[in-house]
There are 6 protein chains.
Amino acid sequence: MTVSLATTTPLKSVRELPTGDSVQGFYLLTKIETRPKKSGEPFLIVELQDHSGKIEGKMWDNFSEALESLKPGDPVFVDARLDHYQKLPSLVLTSLRKATEIEVPDRRSFLPHSSLPATQANERLVRVIETINEPHLRALLDAIFDDLSFRRRFLETPGGKAWHHATVGGLVEHTLSMVTLADAICGHYPQLHRDLLICGTLLHDIGKVQELTVEPALDYTSEGRLLGHIAQGVLLVESKIRELDEFPGELRKQLLHIILSHQGEPTMGSPVKPMTLEALALHYLDELDSRVSAFEQIRARTPERQEFSDYQRLMDRFFYFRSPDEPDTGEE
Amino acid sequence: MTVSLATTTPLKSVRELPTGDSVQGFYLLTKIETRPKKSGEPFLIVELQDHSGKIEGKMWDNFSEALESLKPGDPVFVDARLDHYQKLPSLVLTSLRKATEIEVPDRRSFLPHSSLPATQANERLVRVIETINEPHLRALLDAIFDDLSFRRRFLETPGGKAWHHATVGGLVEHTLSMVTLADAICGHYPQLHRDLLICGTLLHDIGKVQELTVEPALDYTSEGRLLGHIAQGVLLVESKIRELDEFPGELRKQLLHIILSHQGEPTMGSPVKPMTLEALALHYLDELDSRVSAFEQIRARTPERQEFSDYQRLMDRFFYFRSPDEPDTGEE
Amino acid sequence: MTVSLATTTPLKSVRELPTGDSVQGFYLLTKIETRPKKSGEPFLIVELQDHSGKIEGKMWDNFSEALESLKPGDPVFVDARLDHYQKLPSLVLTSLRKATEIEVPDRRSFLPHSSLPATQANERLVRVIETINEPHLRALLDAIFDDLSFRRRFLETPGGKAWHHATVGGLVEHTLSMVTLADAICGHYPQLHRDLLICGTLLHDIGKVQELTVEPALDYTSEGRLLGHIAQGVLLVESKIRELDEFPGELRKQLLHIILSHQGEPTMGSPVKPMTLEALALHYLDELDSRVSAFEQIRARTPERQEFSDYQRLMDRFFYFRSPDEPDTGEE
Amino acid sequence: MTVSLATTTPLKSVRELPTGDSVQGFYLLTKIETRPKKSGEPFLIVELQDHSGKIEGKMWDNFSEALESLKPGDPVFVDARLDHYQKLPSLVLTSLRKATEIEVPDRRSFLPHSSLPATQANERLVRVIETINEPHLRALLDAIFDDLSFRRRFLETPGGKAWHHATVGGLVEHTLSMVTLADAICGHYPQLHRDLLICGTLLHDIGKVQELTVEPALDYTSEGRLLGHIAQGVLLVESKIRELDEFPGELRKQLLHIILSHQGEPTMGSPVKPMTLEALALHYLDELDSRVSAFEQIRARTPERQEFSDYQRLMDRFFYFRSPDEPDTGEE
Amino acid sequence: MTVSLATTTPLKSVRELPTGDSVQGFYLLTKIETRPKKSGEPFLIVELQDHSGKIEGKMWDNFSEALESLKPGDPVFVDARLDHYQKLPSLVLTSLRKATEIEVPDRRSFLPHSSLPATQANERLVRVIETINEPHLRALLDAIFDDLSFRRRFLETPGGKAWHHATVGGLVEHTLSMVTLADAICGHYPQLHRDLLICGTLLHDIGKVQELTVEPALDYTSEGRLLGHIAQGVLLVESKIRELDEFPGELRKQLLHIILSHQGEPTMGSPVKPMTLEALALHYLDELDSRVSAFEQIRARTPERQEFSDYQRLMDRFFYFRSPDEPDTGEE
Amino acid sequence: MTVSLATTTPLKSVRELPTGDSVQGFYLLTKIETRPKKSGEPFLIVELQDHSGKIEGKMWDNFSEALESLKPGDPVFVDARLDHYQKLPSLVLTSLRKATEIEVPDRRSFLPHSSLPATQANERLVRVIETINEPHLRALLDAIFDDLSFRRRFLETPGGKAWHHATVGGLVEHTLSMVTLADAICGHYPQLHRDLLICGTLLHDIGKVQELTVEPALDYTSEGRLLGHIAQGVLLVESKIRELDEFPGELRKQLLHIILSHQGEPTMGSPVKPMTLEALALHYLDELDSRVSAFEQIRARTPERQEFSDYQRLMDRFFYFRSPDEPDTGEE
């Protein structure tokens with residue numbers, strides 16, 4: 001059987017193979033260095049990654065060409081067999097070479113992806129935009145998302161670097177989740193201007209398309225660090241508004257205000273605080289959805305029998321994972 | 001026609017009567033003092049209040065008995081006619097006396113009331129409790145709300161002293177509004193434990209029944225100041241839990257945690273931060289609903305042609321009231 | 001002699017006239033209301049303002065037409081004589097009427113003005129721009145300031161509402177003062193990119209042209225409150241950059257970064273902190289120049305024999321005004 | 001000689017034995033893992049602990065059964081001899097096995113203990129309670145401490161996890177130390193209500209009995225993390241008050257207030273600030289006694305010739321240990 | 001009977017005289033201004049103060065000479081009779097003139113005084129100094145307090161401007177109160193260096209002698225504002241140390257450290273935090289004693305039937321004054 | 001050729017020698033320890049430092065005497081040859097011994113030095129002092145800097161421990177840089193008292209002479225930690241002022257105020273905030289010059305192709321190093 005990217009075993013499955021099984025496939029090289037063997041000779045240590053996880057690999061001999069030609073961030077082809085050391089799986093490599101562009105056309109395949117598939121996200125995005133009745137907001141959304149190259153990037157942008165929705169497609173997943181919440185509260189608080197709130201939701205994090213990159217790895221762009229996604233967002237939206245005919249001044253002011261204020265506080269990066277009802281509401285929905293995502297992401301990383309997460313510096317607390325229905329532990 | 005409390009014209013309507021109209025009825029006296037007339041003689045100045053608003057009154061003569069016998073907080077009967085000075089309406093009193101207990105059996109009639117009538121609030125409360133399937137939570141809610149005297153007080157407690165839902169019945173209005181939101185997000189985040197979240201919502205502010213009073217005016221009780229509604233709430237819920245058979249330890253821990261952490265931060269009065277998913281979610285719904293209520297309360301107090309509210313110290317911002325659909329003001 | 005706006009005595013001089021002197025001229029009406037005379041009859045109290053100060057006025061009779069037709073913000077013609085009550089000067093008016101548009105073509109004449117005349121500021125601005133050698137920055141500055149209507153507004157915008165440079169023309173005065181400082185430190189730190197630093201200085205507060213207004217009084221525009229001058233500034237500069245050919249990406253990024261970060265801290269309104277040398281330097285020059293201006297403005301308001309200013313809430317301190325060369329007060 | 005827990009040499013003494021001395025006894029295993037020998041073969045590394053300190057141990061051969069059957073937290077029997085490597089003592093083990101429940105009935109023996117023996121603490125506690133004259137406070141203390149199982153746990157609870165009084169018995173040591181201070185200041189400030197202050201002192205940290213555990217190691221219970229010792233404390237005291245006849249409302253309110261406010265500030269975990277004289281006083285005595293304890297604990301951990309402690313993050317400072325009477329170091 | 005300062009009735013007693021009683025005596029004039037009578041004529045309003053309180057006075061006629069010659073801060077002689085208006089006592093003056101230096105040699109007589117008489121404070125100070133055994137500390141204290149003019153000023157300096165011990169003699173009262181506390185805890189914590197702690201206590205606020213003045217009123221000196229009592233304190237102590245022979249370096253370092261760090265935190269004015277045991281202990285005793293004093297001072301100002309004090313901004317709380325032994329108010 | 005300290009090759013150059021080159025010379029030993037060879041035998045690992053950088057060294061045999069006799073901080077003589085392991089240079093030592101006091105009279109030679117030579121700094125210092133016209137300030141500066149031993153220490157004191165100007169001579173370099181800035185702004189703001197500002201600049205960090213030491217390494221003295229350079233500075237200046245005749249009180253007050261307030265905020269170590277114009281100006285110049293120095297120091301430590309520095313905790317940001325003139329990276 002010929003190995004292709006499509007038939008490569010995900011690393012999550014690789015880690016569960018029995019000792020000695022052979023593994024062939026394409027992965028992302030994320031670390032490469034040498035260490036001394038007990039004999040004093042060097043051996044090669046690498047780290048491999050794909051969308052499903054990571055694994056360590058060792059190569060005992062004949063690695064000088066690989067060491068010369070490869071660097072972290074390179075897609076590689078690997079021929080190896082699974083080994084275990086102190087119960088931890090690792091790969092013993094017999095072959096390691098750079099993959100060609102034909103073999104791996106897109107390194108994004110190796111990043112974790114949102115559970116919401118891009119095509120489905122796209123469809124829901126289209127449908128949401130169609131519900132906007134206010135003609136100027138509708139025209140603005142069309143102007144932004146009808147740019148297919150932009151839309152494709154929007155669909156793959158992460159929601160954040162590390163904290164929440166930190167996956168390819170995380171941004172649109174977060175955005176659509178907030179749209180559902182926004183629709184629910186519009187029913188509850190009829191004084192909310194639904195079209196403005198939904199439009200604001202779709203655009204509140206639009207600057208992240210420029211703030212974050214997934215190439216060569218999920219990180220900030222230098223423009224992202226120097227300007228921040230809030231300023232990038234209003235610059236992008238304003239430039240589209242200027243291309244439209246007669247976008248109403250009041251609507252523009254309130255839409256830009258929503259984007260500028262959505263983090264809620266200056267210390268969180270918003271130069272102004274929410275002053276309109278829609279800006280206030282959007283801010284709390286953003287908090288809610290990003291915290292729920294962060295909670296689940298941390299729960300997924302925490303070993304199952306652990307009641308509490310490790311300490312989470314960003315929220316200055318532990319998270320607690322026991323179900324309210326579980327029996328008491330009898331702890332006093 | 002005999003005047004009774006029921007037939008008394010609300011002050012909001014009184015303020016819109018034409019100059020010279022006569023006014024008779026029962027109000028709450030909130031201020032009483034004398035000032036010198038131009039002639040040097042004193043005259044009486046009073047402030048009257050009912051659930052709909054306030055008005056100033058003056059009495060030029062024969063007020064010595066009233067001045068002797070009345071004090072702020074007394075319900076009074078008033079015979080007067082409407083006057084205007086620099087366009088502001090006021091009452092010129094010809095008679096002012098204390099109302100009897102038969103005429104005004106309950107001073108609460110003079111306080112602002114939630115727009116949600118108590119009977120309707122009560123029905124919705126009953127229905128919500130019936131949706132709780134988890135038997136221990138259901139038993140706990142029954143134990144708390146089946147105490148009719150407690151339930152009556154719960155139905156009239158304000159949501160706060162000045163900031164949001166500061167009306168008779170404000171607490172239950174706020175609570176039920178959050179229940180609707182909580183139900184909506186349970187659909188969206190299926191991992192939430194709905195019964196715990198709804199039960200937590202119903203009980204999160206339960207300590208306010210003891211923290212706040214509406215007699216003789218909306219204010220903190222001394223126990224409310226010394227303990228705070230969060231501690232009062234957990235003490236109340238815990239005492240009911242102890243009366244129940246075999247309330248599960250894990251459920252108790254998580255329910256008390258929700259009440260303790262619902263303000264979100266120590267600086268807001270919560271000794272612990274939300275660590276469970278339900279506690280996190282409830283906190284943001286509480287923020288959302290209380291801010292929306294505060295926004296509307298401030299909007300109602302702001303003169304209509306004013307774009308911005310006065311500066312709001314508690315939220316360190318102005319609020320903005322123009323509709324997104326209004327035409328631009330042409331301001332640069 | 002016919003009285004015109006040009007020959008009207010400034011209020012600062014009026015206040016120093018002897019009792020009984022007659023005063024005729026044009027001023028801005030800033031307050032108008034009635035109070036009861038000792039006889040019980042109402043009299044009129046007004047406040048008048050011009051660029052040099054304020055004075056109170058009273059009108060004992062025949063003011064009903066004035067009271068009907070005038071409101072705060074109207075320019076008025078006044079015929080009066082100076083009076084003193086408990087050593088404070090005030091005007092006793094015999095005539096008060098609205099001034100015509102011919103008599104007072106521009107209410108800005110009544111606001112305090114920067115000590116730097118607009119024509120001189122304009123000349124210095126032109127000369128500074130001519131020193132910029134980097135062609136794209138030069139083209140950008142030309143594109144912005146060659147718009148004569150924009151430049152005229154730039155020349156009259158205040159530097160702030162109340163704190164520093166709160167005068168007509170305060171913004172350009174502050175901007176040019178910082179240019180001088182920036183030039184001085186470029187000599188001292190040769191690693192600074194002079195053209196970027198000077199261009200950043202000219203543009204750092206450019207958003208204040210839209211954030212503040214002097215009509216009808218020095219205040220924030222509603223767009224100013226909702227977006228803030230930092231966001232307004234980058235939107236304005238970006239829109240001009242987009243009109244230019246091939247503005248280099250790196251230069252744009254660093255220029256926008258300077259504008260976004262110039263307040264130094266998120267709590268001061270900057271969504272990003274200064275990360276480049278030019279952004280760092282500009283921030284400290286801005287602090288220095290605005291504090292020196294604030295200090296002098298407060299010194300000017302403080303009675304001469306007072307050693308300390310009143311408490312300054314914004315800087316949480318008193319200012320001290322004695323010269324280091326003055327003899328000791330002998331105070332312990 | 002048969003080795004028992006009682007005759008086991010404390011590790012503090014073991015560390016001072018000469019190289020080669022043989023060591024046999026019972027300790028707590030706190031770490032167990034393998035490392036490669038120079039030959040490439042693995043050897044075993046363990047960490048052992050008892051109440052007096054820690055030591056590292058190595059086992060070169062025949063450790064596979066130990067590695068299989070033991071985990072951190074197990075009490076073990078050890079046969080070894082003392083070795084030194086770069087002046088640091090360590091044990092070379094020849095035998096390592098799990099201790100039986102008969103050999104080590106209680107792992108608490110391996111934890112550091114307060115210098116105040118439990119029996120002595122108990123006697124002093126009894127005597128303090130006897131000095132309380134106010135009958136309701138006396139009845140409450142009796143109700144709490146006459147529960148012998150509770151009292152035993154109170155006597156062994158630590159004062160904190162890491163910071164101060166972090167020993168078995170640390171809570172009662174801290175409590176009794178504060179009682180002495182409280183008695184001293186009652187003499188100085190006669191307006192203090194002595195019985196309330198002493199009772200508040202005895203109960204202020206009572207929730208730590210439930211917040212902290214010493215099994216399997218000194219740590220927070222999950223209830224401790226979710227509720228905190230302040231809420232746990234008021235719940236415990238309130239439940240005892242409800243069992244008593246006619247506990248006066250005012251006294252209850254003030255006692256609960258003391259417990260709730262004793263940390264002084266919301267950011268320190270107190271939902272309300274001290275508002276009564278007794279609450280204020282108790283807070284400062286608590287600060288004083290816990291800081292003195294922390295200072296001494298850090299002093300004990302700091303090598304003798306070091307003038308300053310390492311940086312103490314929790315108090316954001318270094319501590320300084322030289323005696324004021326020592327001669328100057330001639331520095332500077 | 002001739003009226004002298006000594007025989008002047010204290011204002012606290014004056015306020016309780018019956019209407020119409022005549023009052024003659026010497027007081028401090030703290031306010032003087034005119035208001036219009038109902039007839040339009042002006043009358044004089046003054047405020048008088050002595051050590052025991054304040055009272056308002058009115059003078060209906062013949063006050064032009066008084067108005068010309070008097071200013072706030074002047075000691076005056078008053079001839080008046082007591083009146084009541086709306087139950088508030090005030091004086092109706094028939095005569096008002098400046099007091100001579102012979103009549104009122106020292107305006108300090110009109111300020112509130114510590115309840116600890118200066119002679120008694122002086123004796124206790126002497127006795128405390130005698131208990132210091134460490135010869136250098138003893139010599140330092142002698143050098144400072146043997147300067148009689150300095151000691152006299154020390155004995156009359158207030159403990160603060162408004163917050164605690166804000167009376168003539170408040171500093172020494174606070175200092176000696178802390179000495180008693182310090183002695184008590186030296187018994188409890190024998191590791192404390194008693195002589196250093198007592199000496200530090202006597203000197204910790206010594207800079208207040210220069211920071212505060214009671215002439216013409218209790219206020220900061222300009223040096224006090226510019227340097228602060230902490231810097232003034234170390235400058236004073238250091239200058240005395242330099243005059244002594246061979247003051248040991250270690251002792252000097254630790255003593256100056258105590259003075260510099262006694263406020264505990266930079267935000268409270270201490271440039272370094274307490275790092276020695278004596279500095280830590282002194283800081284908490286200072287907090288305790290100043291808060292107890294503030295509590296009592298506020299209690300004294302609060303009307304007796306009020307349960308809570310007014311809101312205290314400096315401590316961000318209310319104080320509660322009911323005795324724990326009072327019966328419950330029946331409030332829920 | 002005989003090797004002396006003067007002819008020793010700087011380590012920065014040593015690191016660029018070809019493999020195998022022999023190296024002989026004097027360096028500072030900063031680390032010394034053993035590690036096991038592959039054979040199990042120990043070998044010696046050392047770290048050497050001089051003013052230009054660091055290098056690692058290994059010694060395979062015959063190092064027992066060196067290991068016995070040497071400790072970190074010792075100056076050593078080294079005979080070695082350069083080796084490379086994984087491209088990193090290191091030294092293989094054949095000889096290692098302690099240098100004599102004659103060979104290395106001053107370990108400061110091994111510390112990084114300011115790029116401003118001490119003699120040049122001294123000359124500029126002299127010239128600046130000569131420009132002071134105010135006779136008392138001039139006399140004070142003379143009194144301080146004419147003490148040659150003090151001046152020598154001033155010239156070698158670092159500007160800080162780690163953050164900015166952390167080199168021998170860093171303090172005077174920073175001081176003179178600020179003098180240049182101060183002179184520039186005195187031209188711009190003529191209301192500044194130039195002599196006071198320059199004198200304040202020369203003395204603002206004078207306490208660092210006592211706060212920091214370069215022996216045995218750049219660190220705080222214990223007096224520096226306990227008192228801080230701000231208190232040490234005012235103590236030093238005050239003691240010199242006391243030695244002068246008739247130093248004017250006002251000048252002293254304002255000079256000491258400048259030193260006390262120059263850090264700007266209590267949280268930065270200043271017990272009072274700048275209240276005079278000179279104190280304000282000096283504070284911002286200090287911020288500017290120290291941040292520019294820190295920026296350059298971090299830039300020097302950052303690998304050249306890295307756009308951003310590592311995260312800088314002290315300023316809570318990254319620094320960005322690309323030139324504004326560089327072509328865009330094409331990054332989105």
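How many residue pairs are in polar contact between chain F and chain C, counting pairs with both residues at pLDDT 80 or more?

Author: The model is a predicted one, and every value below is computed from it. Between chain F and chain C there are 22 residue pairs in polar contact, with both residues of each pair at pLDDT 80 or more. Sorted by class, the chain F residues that touch chain C are 22 nonpolar, 10 polar and 17 charged.

The extent of the interface can be given in residues and in area. Chain F brings 49 residues into contact with 49 residues of chain C. About 4,200 Å² is buried between chain F and chain C, and carbon and sulfur atoms give 60% of that area.

Charged pairs are also present here. Six salt bridges are counted between chain F and chain C. One salt bridge joins the side chains of Glu265(F) and Arg317(C), with an N to O distance of 4.0 Å. Over all chains, the structure holds 143 salt bridges. Within chain A, Lys161(A) and Asp219(A) form a salt bridge through their side chains, at 3.4 Å from N to O. Lys161(A) sits in the loop between helix H5 (148–156) and helix H6 (170–188) of chain A, while Asp219(A) belongs to strand E7 (residues 219–220) of chain A, so this pair ties together parts that lie 58 residues apart in sequence.

The two chains of the interface can also be viewed from the inside, through a pair of helices in each. Two packed helices are described by the angle between their axes and the distance between the axes. In chain F, the axes of helix H3 (residues 118–130) and helix H5 (residues 148–156) come within 10 Å and cross at roughly 115°. The crossing of H3(F) and H5(F) is right-handed. H3(F) makes this contact through Ala118(F), Ala121(F), Asn122(F), Leu125(F) and Val126(F), and H5(F) through Arg151(F), Phe154(F) and Leu155(F). By class, the residues where H3(F) meets H5(F) are six nonpolar, one polar and one charged.

In chain C, helix H3 (residues 118–130) and helix H5 (residues 148–156) pack at an angle of about 115°, with their axes 10 Å apart. H3(C) and H5(C) cross in a right-handed sense. From H3(C), the residues Ala118(C), Ala121(C), Asn122(C), Leu125(C) and Val126(C) meet Arg151(C), Phe154(C) and Leu155(C) of H5(C). This contact of H3(C) with H5(C) divides into six nonpolar residues, one polar and one charged.

The area buried between chain D and chain B is about 2,200 Å², with 71% from carbon and sulfur atoms.

The polar part of the contact between chain D and chain B comprises two salt bridges and six residue pairs in polar contact, both residues being at pLDDT 80 or more. A salt bridge links Glu223(B) with Arg252(D), whose closest N and O atoms are 3.3 Å apart.

Chain B and chain F are not in contact, and their closest C-alpha atoms lie 20 Å apart. Chain A and chain E do not touch either, their nearest C-alpha atoms being 21 Å apart.

How values were computed:
Residues numbered from 1 in each chain as written. Chains lettered and ligands numbered in written order. Predicted model: local features only at pLDDT ≥ 70, side-chain atom pairs only at ≥ 80, totals over all residues. Heavy atoms only, no water. Axes fitted to C-alpha atoms, helices over the stretch in contact; angles between N-to-C directions. Helix = DSSP H or I, 4+ residues; strand = E, 2+ residues; numbered from the N terminus. Left-handed = near helix turned anticlockwise from the far one by under 90°. Contact = heavy atoms within 4.5 Å. Nonpolar A, V, L, I, M, F, W, Y, C, P; charged D, E, K, R; others polar. Buried area = accessible area lost by both parts, 1.4 Å probe. Polar contact = N/O pair within 3.5 Å; in protein donor to acceptor, adjacent residues only side chain to side chain.
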